[in-house]
Each structure stands twice: as structure tokens, then as C-alpha cells.
Amino acid sequence: MADKVKTEGLEKSAEISEEQKNEEILREFSKEDNVRRLNRPTELLVNTLAFLLSVFLIYTSAFGTLPALQQRSVYLTFVMAMLFLVYPASSKKVGKKVAWYDYIFSILAAAACIYVVVEYKAILLRMGISNNVDIVMGTILIILILEGTRRLISPALAVVTLIFLLYALFGNYVPGIFHIKAGGLSRLIDHQFMIPEGIFGTPLGVASTFVSLFVIFSSLLEACGMGEFIQEMAMALSGQAAGGPAKVAVIASSLFGTVSGEAVANVVGTGSFTIPLMKKIGYEPTFAGAVEAVASTGGQLVPPVMGAACFVMAEYIGVPYSKIMLAGIIPAVLYYMSAFIAVHLRAKRLGMVGLPKDQLPKAKEALKKRGHLLIPFVAVIVMILMQYTVSMAAIIGIILVLIVSNFRKETRITPKKFLDCLIDGGKKSISFGISCACIGLIIGVTTLTGIGNVLGDYVITLSHGNLLLALLLTMVVSIFLGMGMPTVAVYIVLATVAAPVLVKMGVPMLAAHFYCFYFGIMANLTPPVAIPAYAAAAIADASPSKTGWAAFKIALPSFLIPYVFIYYPSLMFIDTNIGQFILALLTCVLGVFMIAMGAEGYSFLRQMPKAKSILLLIGGILMIVPNLIADAVAAAILVYVMVTEIIIRRRNLRSAQQ
């Protein structure tokens, strides 16, 4: 009996240790999780604000939102009030109490937003012409948004935004093509604070309506055990295959990612389970971490939730969200197919086998225990495809989760769990809210000064009107901006500057914007700042740098996928032509296969010499180029490599038999 108690105690201690390790990883690699340990009164205040924010969002979505400026300013009031209480000025001050100046920042930020709510009618009557109080309040809010962005999102984004603001203030002193006719603080505040254009523009509008509802929806699904269901199903479906745990990571992270919508959280959520399994069957720690990083990052491509940037995209370009979902299907499939191939090739090269059947969960049992949780998930997809509003789909999804969770005891959401989910949803809104407010400042400067058109013309000049060169420039800028910045921030900056350039060059609008969004995601896997890979390396006890480069290598075929849907928009169901769709899909799939084989140096049959690996990499790139001659050359390379590999394989087998 004593031994049993001791064993249970050790197991419990191990679980606590694992949870603490995961919490430390989140704090280190995800600013959103780098929160203060609040004392009881402050924690109660923050929880109350988070709860009220969630209730406000649900109520206004169900019964009608307030006028745009009021809805967004109320939302930002809660976000800014919580931000300075929850997130310290420095990561070194995480364990310390709230500083006196943070209370002041919290009150001032909330007061500036409440001022807009209270003075709403007067502001409308002034028609965007600010008085002295407006200027003071607007200036305070802008400064605190920059500070909040620095703390929670990225110092780089805060600096970029500050540069834009300084340009709006002093651009009239700048010579050459970047000269503007007027600057000044009053003009800036008029545009940024007094109308729903800058701070209170489209990004914050999206955040203050349906995106935050999906955050609550995701919190409820996680509380029901959706994560455990995804892991069990992934294990049951692919655990026995060669390199099974790595394939489990690919499947589980793709599904978990569309629920969580955040790469680092996805790494920790599924990686703490899959990475040890991958190491157990023989994968190197570096490769195990890299697989999880790649699989977790791509979750933002998977419908229905995708990345938060896609909700902004739908509003920004004025298309139904259902079209964004449909457009994302083929890119998501191709992305995860490339990761799956890389995992399979490595498993075959190392001679790995899957896990024994008796160590795997059964799909039937997993469906019996938690399969009913798919009902709200599927319902949301169906409603969006049926052209219901995204807010309505999210509300129905939340209601269905509350209903179906009661089908089984282990998934039931108690009143306390529901309260915790509302609080959790409110807190998670802080990150997205401050991102959108900050990006609103950049958009405000762009529309105020016309800098977007100037930069766009500059890109056209640099590319000499060549679409491929413009795409390459956009990719480089996307990856550069995305190093350490959230995807939504990268997307909106590029949607303002780069996407219109691609549209001018004849690219369909949806394809141009999705291209910017896609590379904003891929920046997460591009060293030297590959944050999801570094988080995975911490779990795998591997070198962060080596894990980052290994993740880049696995994801290499995925970098070419956006070029295909730019040249073949039918892959995104834009102006679909069946013949063109089949040709584009076939060449893209073959291109992904060839690049994956070339990067791994393995031909499904044996380890290849470097010359053939290089040939396959070249052929993979040619296969994706929209040209029949290039496709023919690539096909010839593929046939040559595979035929010679089969001949060599048979010769080796005959020699071994003799």
C-alpha cells in the first residue's frame, strides 16, 4: 500500500514538473504567456474585467453591436486596462507585484478610451476636427498603445509603428518622393483618434466582434478535452506507420492549430506529448523538435478558424469569410503533405517502425468518449459556408459546445468551467486587441499620407514590372517583418503596401492577400528568429539554432506553394478551370515530392548521391514554374532519378542474394 502511494506521489510530482516546464517554455517564447503573478485583489480585478469583456462581446454579437467607434473603444477600454496590470514592463519583473506606474498607465489608457465612448456624439459633430482635450487624450492613447505593443507583442512592431507616426508628423520636411504636403500633431490625432480609421479602424473592428468570439469558442473546446481527442485520434490513425509519432505530430498539430490559432501554444500543447514519443523511437531531438515546430506553425492555414489575420483579410478586401476558408484548403493540404513526406522519408532512411498496436488508443473508443465534440466544430464550418455571418456562426458554436459537452461526464462544462473559459477568452483578447490597435496606427498613417502608394510604386520600380521579381521581394519583406512579429501584424502591413502592387500586376486580390498572409506565417520557420522551433527545442532538449534550421529544411517545399496559387489561382477556387486546376495540383504535388526528396537526400528507396539531390531540388522548382517546357524538363528529371534508383536498388538486391 505504501509503495502504491509512493508511486502515485512520484507520478503526480512528474506531472507537476512537466506542467512547470511547459509554463516556463511558454513564458520564454510567447510574450502572451509572460504574465505577472498577481496578488489576490489585482487578480480578482483582472478576472472581472476579462469576464465583463467576454459578456460584452457575446451580448453585442447576439443582440446587435454599438456604432463602430463606440463598440471598438469599449473593447479597447477593457484590453488596455488589463494589459498594464497583467504584463510587466520587462520579463525580469514577472514575479514582482504591479508597479505603481502600471496602475497609472492602466487608468490613463482606459480613460482615453472611455472618453471616446462618452463623447461619441460630440466627436461626430466635430466631424474629425480635434480640440485640445481630444489631442491630449489621443496622444496618451497612442503612446500607451506603443508601450503595450512593446511589452506584449514585439519591440520591432512598436519601432516600425513609431517610424510611421514620425513620418506623419514630419513628412512635410522630407524631400523627394516621400514628401507630404502637411504634417503636425493635430492632423494626426484627427485621423487616428477621431474617426474609425486609425486606432479604431477595421483591424480593431474585427477584434471587437467575431475574432474574440472564436477565442471564447476555442477556450470552451479546449476545456471539453478537444486537444486530448485530437491526440488520441491522430495516434490511432497513424501511430503504427513508419515514424508514427512524427506523423501523429503532423496530424495532431494541424487540427489543434486551427483550435488554438497560435504556433507556440500549439508547440507546447501537442509537443509535450509528441516530441518525447519521437525521441523514444529513434528520431534525433533536433529533428523531433523541428517536426513539431513545422506542424504547429501551419495550423493557421487550416480552416475553419485559421489565423486571426484571415478574419481581418475578409473585412479588409470585402469578401465572405467562407471564400477565405475555401481558398485555404489546397495550400493547407499541400503544406501538411510536404511535412508528412519529410517525416516519412526520414523514417524510411533510418529504418524506423511505428508504435506497437497495444500501445495505441483505439479510434472507436476515442470517438465514443469525445466524438460528439465534433458537432459544434462541423456546425461552425457549415454555417460559414452557408453564408451566415461569422459572429452568428461563433455564437451558435459556443451554444452547441455548452449543449454537447453534457453528453458525457468527462467532457461536461460546469458553471465554474464556463466562468473560467469566459475569463480565459477575455484575457486572450488582450494580445489580439493591442496588435490590431497598433496596426491601426500604421494603416491610419498610410491612408493619411498616401505612403502605401509611394512604397507600392517603389516596389514596381525595383521589380521592373516583373511579377516573379515582385513576388520574391514581397516574400523577403514578409519574412523579414515576420521575424518576431505576429502574423496578423505582418499581414496587415503587407496588405497595405505589397498586396495592392501584386493586384496592379494582374494577380487576383484574394490570391495577392493570401500570399502575404502565407509568408507572414512562414517567417515563424525562418532562422535566425524561428520562435516556434526554439520553443520545440526547449521541450526536446535540443540546440535551438539546429532545430530552427532543421525546421526550415522540412518546410522548404512549402515556401514554393504560394507561387503556384499566384500563377494558378484556380487552386484557391478563383476563376476555377477544371483542366487548369488538375494540371496545377498535379505539378505542385510532384514539385513538393521532388523538393522533399532532394532536401532529405532519400528517394523512397535508398540514400541518394548529392548530385541527384540537387537535380531533384532543381526539378521541383521547375515543376512549380508555370511553363510547359519547365514542367517537361522537371518530369524528365524525376523519371531519370526514379528509374536509375530502381535499377540500382534491384542490382543491389541481386548482389545481396548472391
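**Figure 1. The largest nonpolar core of this predicted model has 215 residues.** Within this core, L76, M80, L141 and Y321 have the most contacts. A nonpolar core is a set of buried Ala, Val, Leu, Ile, Met, Phe, Trp, Tyr and Cys residues, joined through side-chain atoms within 4.5 Å. Helix α15 (residues 321-349) supplies the largest share of this core, 16 residues. Helices (H or I, at least four residues) are DSSP runs, numbered from the N terminus. In soluble globular proteins, nonpolar side chains tend to be buried together. Residues are numbered from 1 along each chain as its sequence is written. Because this is a predicted model, local features need pLDDT of at least 70 and side-chain atom pairs count only at pLDDT 80 or more, while totals for chains, interfaces and linings use all residues; side-chain values use heavy atoms, with hydrogens and water left out.

**Figure 2. Confidence along the chain is given by pLDDT, the predictor's confidence in each residue, from 0 to 100.** The protein averages a pLDDT of 82. At least 70 is the score of 91% of the residues. Over residues 4-8 the pLDDT is below 50, and this stretch has zero contacts in the model beyond near neighbours in sequence. Contact means heavy atoms within 4.5 Å. Where pLDDT is low, the predicted coordinates should not be read in detail.

**Figure 3. S73 sits in helix α3 (residues 68-86).** S73 counts as buried because its relative accessibility is 0%. Buried means under 20% relative accessible area, exposed over 50%, and partly exposed in between (1.4 Å probe, protein chains only). The side chain of S73 reaches the backbone oxygen of Q70 at 3.0 Å. Leaving out residues up to four places away in sequence, S73 touches C113, V116, V117 and F200.

**Figure 4. Helix α19 (residues 415-449) has 35 residues.** From first C-alpha to last, α19 reaches 51 Å, close to the 51 Å expected at 1.5 Å a residue. The expected span is 1.5 Å times one less than the number of residues. At I430, α19 bends by about 30°. The bend is the angle between axes fitted to the seven residues ending at a residue and the seven starting there. Of the 35 residues of α19, 25 are buried, so this helix is largely enclosed by the rest of the structure. Just after α19, G450 takes a positive phi of about 75°.

**Figure 5. V159 is found in helix α7 (residues 155-170).** V159 counts as partly exposed, because its relative accessibility is 47%. V159 and C436 are 277 residues apart in sequence. In space they are 15 Å apart, C-alpha to C-alpha.

**Figure 6. G371 lies in the loop between α16 (363-370) and α17 (374-385).** G371 is buried, with a relative accessible area of 15%. Not counting residues up to four places away in sequence, G371 touches F229 and A366.

**Figure 7. D541 has a positive phi of about 55° although it is not a glycine.** Most residues other than glycine have a negative phi. D541 lies in the loop between α25 (531-540) and α26 (544-555). At 60% relative accessibility, D541 is exposed. F573 is not a glycine either, and has a positive phi of about 60°. F573 is in the loop between α27 (561-567) and α28 (578-600). With a relative accessible area of 38%, F573 is partly exposed.

Definitions and conventions:
Helices (H or I, at least four residues) and strands (E, at least two) are DSSP runs, numbered from the N terminus. A polar contact is a pair of N or O atoms within 3.5 Å; within protein, one must be able to donate a hydrogen and the other to accept it, and residues adjacent in sequence count only if both atoms are side-chain atoms.
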